[in-house]
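The sequence and the structure are shown first.

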Amino acid sequence: MVPLPDHRPQNLSLGPLEAEILDIIYDLEEVTVKDVHDRILADPDRELAYASVTTVMRRLTQKGWLDCDKTDRAFRWRPRISREQAQMLKSHDRLKHFLAVSSPDVVAAFADSLDVDSLERLDAIAQRIQAVRRQREEQS
């Protein structure tokens, strides 16, 4: 079972421009503001001020999504967690929220509405959870 990442951004929800810029940074791995700005303006239908990109990248850094270092005379940003880790954290939060607000009847109705493939995946997940629990019990 893949553990959750050690680092967690303060706020997992992102605005549309934040998500777009983070997606560009995931693609390029390490960027300057110019790299991101050039990528956005590669679309001839887009207009966006350089300062807006800078502001969003600073905001993503404050939220814990990015690290920023100054190398030579340029600031360089890179993601603090991978795209896959971010998706894992978001899915974890959604499941936790779903289970926190849902009554057992709602969860049962949801499970009852699933197709065969989804039910088989749930069974596989339940078996993995049981195997991990057994392994933990054997180690303690």
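## Packing of α1 against α2

In this predicted model, helices α1 and α2 are roughly perpendicular to each other, because angles from 65 to 115 degrees are counted in that class and their axes cross at roughly 110°. Helix α1 covers residues 16-28 and helix α2 covers residues 33-41, and the two axes come within 10 Å. The crossing of α1 and α2 is right-handed.

On the α1 side, the contact involves Glu20, Ile21, Ile24, Ile25, Asp27 and Leu28, which meet Asp35, Val36, Arg39 and Ile40 of α2. By class, the residues of this contact between α1 and α2 comprise 6 nonpolar and 4 charged, with no polar ones.

## Packing of α1 against α3

Helix α3, residues 50-62, packs on α1 at an angle of about 85°, and the axes are 10 Å apart. The angle therefore makes α1 roughly perpendicular to α3. From α1, the residues in contact are Leu17, Glu18, Ile21, Leu22 and Ile25; from α3, they are Val53, Val56, Met57, Arg59 and Leu60. The contact of α1 with α3 has 8 nonpolar residues, 2 charged residues and no polar ones.

## Packing of α2 against α3

The axes of α2 and α3 are 9 Å apart, and the packing angle is about 120°. The crossing in which α2 passes α3 is right-handed.

In this contact, α2 supplies Val33, Lys34, Val36, His37 and Ile40, while α3 supplies Tyr50, Val53, Thr54 and Met57. Divided by class, the residues of the contact of α2 with α3 are 6 nonpolar, 2 polar and 1 charged.

## The largest pocket

The largest pocket holds about 1,100 Å³ of space. It is lined by 24 residues, of which Ser91, His92, Leu95, Ile125 and Ile129 are the closest to its centre. Two or more lining residues come from each of α4 (83-101), α5 (104-112) and α6 (116-139).

Helix α4 makes the greatest contribution to the lining, with 9 residues. In terms of class, the lining consists of 15 nonpolar, 4 polar and 5 charged residues.

Conventions. Residues numbered from 1 in each chain as written. Predicted model: local features only at pLDDT ≥ 70, side-chain atom pairs only at ≥ 80, totals over all residues. Heavy atoms only, no water. 1 Å grid on protein atoms, 1.4 Å probe; cavity = no way out; pocket = protein on both sides within 12 Å on 5 of 7 lines; lining within 4 Å. Points joined across faces, edges and corners; volume = space filled by probe spheres on them. Helix = DSSP H or I, 4+ residues; strand = E, 2+ residues; numbered from the N terminus. Nonpolar A, V, L, I, M, F, W, Y, C, P; charged D, E, K, R; others polar. Axes fitted to C-alpha atoms, helices over the stretch in contact; angles between N-to-C directions. Parallel < 35°, antiparallel > 145°, perpendicular 65-115°, else oblique. Left-handed = near helix turned anticlockwise from the far one by under 90°. Contact = heavy atoms within 4.5 Å.
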